[in-house]
Amino acid sequence: MTAAAFTGATAPAVADNEIGGGAQSPSTGAHGESDGKGTVSATAGAVVYDRSKNGSGASVGPVATATNWTPPACYYAPRYTPEQLKKAKEPVWEAESTGYQWDAQQRDKYVNGHPYKDFNKEKAGKGYFWDSYVTPGREGDPGALDCNEDAFWVDTGDDPPAEIPQAITPEVLAQLAYAEIRVPTTEVELRPAGATKVNLPTWAWLDATDFKPVSVTASVPLLGVEATTTAEPVSVKIDPGTADAQTFPASGVCEAVNGTIGEPYARGKAEKTPPCGVKYLRASGNGSYQLKATVTWKIHWTGTGVAGEQPLPDGDFGGEQDVVVQEIQAVNR
């Protein structure tokens, strides 16, 4: 783990009604900021996202991980100075709405020196109390309740406690950025265009202008740490939508070669075997087949103090399209 150096003196914004205390009152606030040129940075707690190199448009969507892993639904980051924590905690204790025992435990922890004396005021300006935040969009996720630690102190320049896995580090930022990745819906180019023919190879490929690497950067300016998560298309799996079909290659998985997936059809290739495509063995009748193309995106990240690219689970995102197959044995091109 890399030590995170504090680079700013501005404390995180604290709402009057935030009481801290882990999952007892997690923050879900978020807002957006624009530079006036179309680049929007969304701020959730202490994490800022740069989506300027992300996928865009109406057809984009999040990738689904190929494993059971999911990005964290909550995390810990700086929130309070000693004075801010005092202003957040004391009104709650005075209201006696959380019960005598809990209030007494909290006072013992933050006032009586077990472990913090008078809200750690002697360390004012030398660090922050960290508390939990809920990742935007994951408010109803059971994982949002995993961050149930009370606010804890981290000195400027120190790593957060290793026993708290959701505490912000470059790796956690990379995981949060993963959840923000957006990639285009998969619609492959097919030739022949329009209706294809029984027993005639149909060439398939992806538009290189749409299918290119995308990335999102997540950072905590207060800590001077960031991570950039990048997704690159590496293959597309073709599902013809019927068992009466043959895919090329036989696995139906077309790998990226020299930055492209599949090969555009060109005149004179009608009888050749496409490197990526499908041959339908039966007509679709009065309807059509639902061809599904699923792109696998290889995902990796780089971050503050981390040498080289680090892997994250691959992600998949696909789409369906109608393919009409006609019972014509010969066709002129």
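## Sheets, helices and core of a predicted model

Three bridges connect β10 with strand β12 (residues 202–205), and the two run antiparallel. Strands here are DSSP runs (E, at least two residues) and helices are DSSP runs (H or I, at least four residues), numbered from the N terminus. Two strands pair if DSSP finds at least two bridges between them. In this pair, E189 stands opposite W205 of β12.

This is a predicted model: local features need pLDDT of at least 70, side-chain atom pairs count only at pLDDT 80 or more, and totals for chains, interfaces and linings use all residues. Residues are numbered from 1 along each chain as its sequence is written, and side-chain values use heavy atoms, with hydrogens and water left out.

**Two open sheets**

β10 and β12 belong to an open sheet of four strands, ordered β10-β12-β18-β15, with antiparallel pairing. β10 (189–191) and β15 (245–248) are the edges; each has a single partner strand, so one side of each lacks a neighbour in the sheet. From one strand to the next, the twist averages 20°. Angles run from 0 to 180 degrees between N-to-C directions, and axes are lines fitted to C-alpha atoms, for helices over the stretch in contact.

A three-stranded open sheet has the order β6-β7-β8, again with antiparallel pairing. Its edge strands, β6 (74–80) and β8 (152–155), each pair on one side only. Neighbouring strands in this sheet are turned by 45° against each other on average, direction ignored.

| Strand pair | Bridges | Opposite residues |
|---|---|---|
| β10 and β12 | Three | E189 and W205 |
| β3 and β13 (residues 214–220) | Three | V48 and S219 |

Strand β3 (residues 47–50) shows alternating side chains. Buried means under 20% relative accessible area, exposed over 50%, and partly exposed in between (1.4 Å probe, protein chains only).

Helix α1 (residues 82–95) lies across β6, β7 and β8, at about 105° to β6. It also packs against helix α2 (residues 100–110) at an angle of about 155°, with the axes 10 Å apart. That angle makes α1 roughly antiparallel to α2. Angles under 35 degrees count as roughly parallel, over 145 as roughly antiparallel, 65 to 115 as roughly perpendicular and the rest as oblique. α1 contributes L85, K89, V92, W93 and E94 to the contact; α2 contributes W102, D103, Q106, R107 and Y110. Contact means heavy atoms within 4.5 Å.

**A buried loop residue**

Q166 sits in the loop between β8 and α3 (170–180). Why does Q166 count as buried? Its relative accessibility is 18%. Neighbours within four places in sequence aside, Q166 contacts C74, Y75, Y76, D146, C147 and V172.

**The largest nonpolar core**

A nonpolar core is a set of buried Ala, Val, Leu, Ile, Met, Phe, Trp, Tyr and Cys residues joined through side-chain atoms within 4.5 Å. The largest one has 71 residues, and V47, W130, I168, V188, V220, V236 and W297 touch the most other members. Strand β19 (residues 289–303) gives the most to this core, with seven residues. Residues up to four places away in sequence not counted, W297 touches V63, V183, P184, F211, K212, A231, E232, P233, D314, G315 and F317.
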